[in-house]
Amino acid sequence: MGHEVQTAVFEGPFDLLLHLITRDEVDLWEISLTGIVDAYVAEVEAMAVVDLDAATEFLLIAAILVELKAKRLLPGRDEADIDEEFALYEERDLLLAKLLECKTFRDAGDALARMASAASMSSPRTAGLEPRFLGLVPDLLAGVSVADVHGAFIRASTPKPVPTVDLDHVAPIRISVGEVVDELSASLPARGPITFRALTEGLANRIDVVVRFLAILELYKSGLVDLGQSENFGDLEIRWCADATDTATIGAGA
């Protein structure tokens, strides 16, 4: 911002003063905020036209400096991070912006309600046209035959078709991941190391393969199986590594 401040320890732009204070390059204790504010108020009173943007920015920086100084004067945590404080300021500004937006829509709603209330006090014209204007009114039924009226009635009275949603492309869920987890927990300990290709051999539907893959991931996340792959894009090797206690626990949880 363009406002310049003059103190015993600093002379220059006001926003630069805030930057130096936050970087611990200027001691906040040595800055007289009352003197800065009094000088700014005197400058504003001497202005013919007040720049609202500059005034708002000055108030924001002054408020930040007052809050920083108040926190250092009052007992509290000394290790407070200035970046965390600025994050709180940002959250506050976002909240204020949302409140202003809410107030804007509420005021717009009130304005529309007042317009509707004013319009409700009007009365529509119920009288017909004056005789001198009757000849100027176009004939709305000109060129309309009895067949046209009958066709319009048929179209208006015919029931509308009930919309249907085609679900042929949606694969039906034949088995759940939990059921496959139980099935694999019972069969894998006795089968020994096996590849995922061999585990899903004979499955015709892709959804069955996907469900078994998700079940293997659940077993791996629970620490019941080890997964390995000797090369990129190679077969996924599955080896049961849980003991009887873990298997019993999984079975009880399922």
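Predicted model: local features only at pLDDT ≥ 70, side-chain atom pairs only at ≥ 80, totals over all residues.

**Entry 1**

I started with Arg212, which I found in helix H9. Is Arg212 buried or exposed? Its relative accessibility is 12%, and the cut-off for buried is under 20%, so Arg212 counts as buried. Next I listed what Arg212 touches, leaving out residues up to four places away in sequence: Val180, Glu183, Leu184, Phe196, Thr200 and Leu203.

I then followed one of these contacts, Thr200. Thr200 sits in the loop between H8 and H9. Thr200 is buried too, at a relative accessible area of 11%. With neighbours within four places in sequence set aside, I found Thr200 in contact with Val209 and Arg212.

**Entry 1: the aromatic pair**

How many aromatic pairs does a search of the whole structure find? It finds one. The partners are Phe196 and Phe213, with ring centres 5.7 Å apart and planes at 80 degrees; planes over 60 degrees apart count as edge-to-face, so I wrote the pair down as that. The pair links distant parts of the chain, with Phe196 in helix H8 (residues 196–199) and Phe213 in helix H9, 17 residues apart.

I checked the accessibility of both rings' residues. Phe196 is buried at 14% relative accessible area, whereas Phe213 is partly exposed at 35%.

**Entry 2: the sheet**

I turned to the strands next. I found an open sheet of three strands in the order E3-E5-E4, paired antiparallel. Which strands stand at the edges? They are E3 (194–195) and E4 (225–228); each has a single partner strand, so one side of each has no neighbour in the sheet. As a reminder to myself, strands of a sheet pair through backbone hydrogen bonds.

I looked at the pairing of E3 with E5 (residues 237–240) and counted two bridges between these antiparallel strands. Thr195 stands opposite Glu237 in E5.

Two helices lie across this sheet's strands. Helix H7 (residues 177–191) lies across E3, E4 and E5, at about 95 degrees to E5. Helix H9 (residues 206–221) lies across E4 and E5, at about 115 degrees to E4.

**Entry 5**

I stepped back to the whole chain, which has ten helices and five strands. Buried residues make up 19% of its 254 residues. Among contacts between residues at least 6 apart in sequence, 51% join residues at least 24 apart.

Last, I read the confidence values. The mean pLDDT is 76, and 68% of residues reach 70 or more. Confidence is highest in helix H6 (residues 146–157), at 92, and lowest in helix H10 (residues 244–253), at a mean of 50.

Technical notes: Residues numbered from 1 in each chain as written. Heavy atoms only, no water. Pairing = 2+ DSSP bridges. Helix = DSSP H or I, 4+ residues; strand = E, 2+ residues; numbered from the N terminus. Contact = heavy atoms within 4.5 Å. Axes fitted to C-alpha atoms, helices over the stretch in contact; angles between N-to-C directions. Phe/Tyr/Trp six-rings, centres within 6.5 Å; stacked < 30°, edge-to-face > 60°. Buried < 20%, exposed > 50% of the residue type's maximum accessible area, 1.4 Å probe, protein only. pLDDT = per-residue confidence, 0-100.
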